[in-house]
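Visitor: I am new to this structure and would like to learn how its descriptions are reached. Could you show it to me and take my questions one at a time?

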Amino acid sequence: MPLWLFIFLAALSIIAAAGLILQRHPVHSLLALVLTLIVIGILFIGLGATTVGFLQMIVYAGAIMILFLFVIWLLNLQTQPLEGGRLALKFLGALGSAALIAELLVFVLHLPAPLGHNQPVAIDYGSIARLAQGLFTSYLVAFEVTSILLLVGVVGAVALARRTTAEGAPGGSP
Amino acid sequence: MAPPSYFMGLSAILFCIGVAGVLLRRNIIIIFMSIELMLNAVNLAFVALSRAWGSVDGQAIVFFVMTVAAAEAAVGLGIILSIYRNRETVNADEINLMRW
């Protein structure tokens, strides 16, 4: 990935991420987050991780964000009042974030020397075959545990979102 | 070619924006989306380092992070729906009891 393209994408992702926390309307925040995720997926592809990049766009920016969108619609958040919150807490939060970013940047600037440049890789570096080879050999146990995790997630989500009372939800949908 | 340290710096900045979102906003949905942003910043660091070393281990871990994020989003949004149904609020300051 050439340097100018990286700088453009980095600026775009930072602006979109800032939009996520600055927008008042939750749907606008969500759209900013989707833009951030798509740009990160493009960065993955630029790094050679093609499969993971496309997975990022399809699964993350597609499926998971649609889930968020449905919940925002279900909760009907357009009518929410503007959030207040104490100013001192916000100031402390901003200060803490700035301190963290400074610390991480200092850490990144002192990376060990071998990380200053990329190793040359094979042409099939980001392919499905290479990824699957890793997943089904070194990470086989973790891969199988993942399926159990997803099953538990599905059961937990259904159990949580199910209406337990006989009457419907207050202020709810049809 | 942009060096890996640039990607690490971008990852750090995105992570801190996510932290700022969790600390500054009170809408629980925005807080949740900021957590997703932090997960993705870490994913970017994983892929950049995996490319720097020329291995696919980082990509496999990103795959697992995505799976965990999907499960976490489903359960977390279920919790948010359940809270809203009982308390009729999404403001994190007003959700201060573990019972309803």
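Guide: Gladly. Two residues are in contact if their C-beta atoms, placed from the backbone, lie within 7 Å. Please keep in mind that this is a predicted model.

Visitor: Which residues does A:Ala49 touch, not counting residues up to four places away in sequence?

Guide: By that cut-off, A:Ala49 touches A:Phe44 and A:Gly126 as well as B:Val47, B:Arg51 and B:Gln59, leaving out residues up to four places away in sequence. A:Ala49 itself sits in the loop between α2 and α3 of chain A.

Visitor: Why does A:Ala49 count as buried?

Guide: A residue is buried if 20 or more other C-beta atoms lie within 10 Å of its own. A:Ala49 has 29 C-beta neighbours inside 10 Å, and therefore it counts as buried.

Visitor: How far apart are A:Ala49 and A:Glu103 in sequence and in space?

Guide: They are 54 residues apart in sequence, and their C-alpha atoms are 28 Å apart in space.

Visitor: What share of the residues counts as buried in chain A, and what share in chain B?

Guide: In chain A, 25% of the 174 residues count as buried. For chain B the figure is 56% of 100 residues.

Visitor: What secondary structure does chain A have, and what does chain B have?

Guide: Chain A has six helices and zero strands, giving the pattern α-α-α-α-α-α along the sequence. Chain B has three helices and zero strands, and its pattern reads α-α-α.

Visitor: How does the radius of gyration of chain B stand against that of a compact globule?

Guide: A compact globule of 100 residues would have a radius of gyration near 13 Å, while chain B has 17 Å. Along its principal axes, the C-alpha trace of chain B spans about 50 × 25 × 15 Å.

Visitor: What makes α1(A) and α2(B) roughly antiparallel?

Guide: Helix α1 (residues 3-22) of chain A and helix α2 (residues 28-53) of chain B pack at an angle of about 160°, with axes 10 Å apart. Angles over 145 degrees count as roughly antiparallel, so α1(A) and α2(B) are described that way. The crossing of α1(A) past α2(B) is left-handed. From α1(A), the contact uses A:Ala17, A:Leu20 and A:Ile21, and from α2(B) it uses B:Ile30, B:Met33, B:Ser34 and B:Leu37. By class, that contact has six nonpolar residues, one polar and no charged ones.

Visitor: Why is α6(A) called roughly parallel to α3(B)?

Guide: The axes of α6(A) and helix α3 (residues 57-87) of chain B come within 8 Å and cross at roughly 10°. Angles under 35 degrees count as roughly parallel, so α6(A) is roughly parallel to α3(B). Residues making this contact include A:Leu149, A:Gly153 and A:Ala157 of α6(A), and B:Ala71, B:Val75 and B:Gly78 of α3(B).

Visitor: Which classes of residue make up the contact of α6(A) with α3(B)?

Guide: There are 14 nonpolar, six polar and no charged residues in it.

Notes:
Residues are numbered from 1 along each chain as its sequence is written. Chains are lettered from A and ligands numbered from 1 in the order in which they are written. This is a predicted model: local features need pLDDT of at least 70, side-chain atom pairs count only at pLDDT 80 or more; totals for chains, interfaces and linings use all residues. Axes are lines fitted to C-alpha atoms, for helices over the stretch in contact, and angles run from 0 to 180 degrees between N-to-C directions. Helices (H or I, at least four residues) and strands (E, at least two) are DSSP runs, numbered from the N terminus. Angles under 35 degrees count as roughly parallel, over 145 as roughly antiparallel, 65 to 115 as roughly perpendicular and the rest as oblique. A crossing is left-handed if the near helix is turned anticlockwise from the far one by less than a right angle, and right-handed if clockwise. Ala, Val, Leu, Ile, Met, Phe, Trp, Tyr, Cys and Pro count as nonpolar, Asp, Glu, Lys and Arg as charged, and the others, Gly among them, as polar. The radius of gyration is taken over C-alpha atoms; the globule rule is 2.2 Å times the number of residues to the power 0.38. A residue is buried if 20 or more other C-beta atoms lie within 10 Å of its own, exposed if 12 or fewer, and partly exposed in between; C-beta atoms are placed from the backbone.
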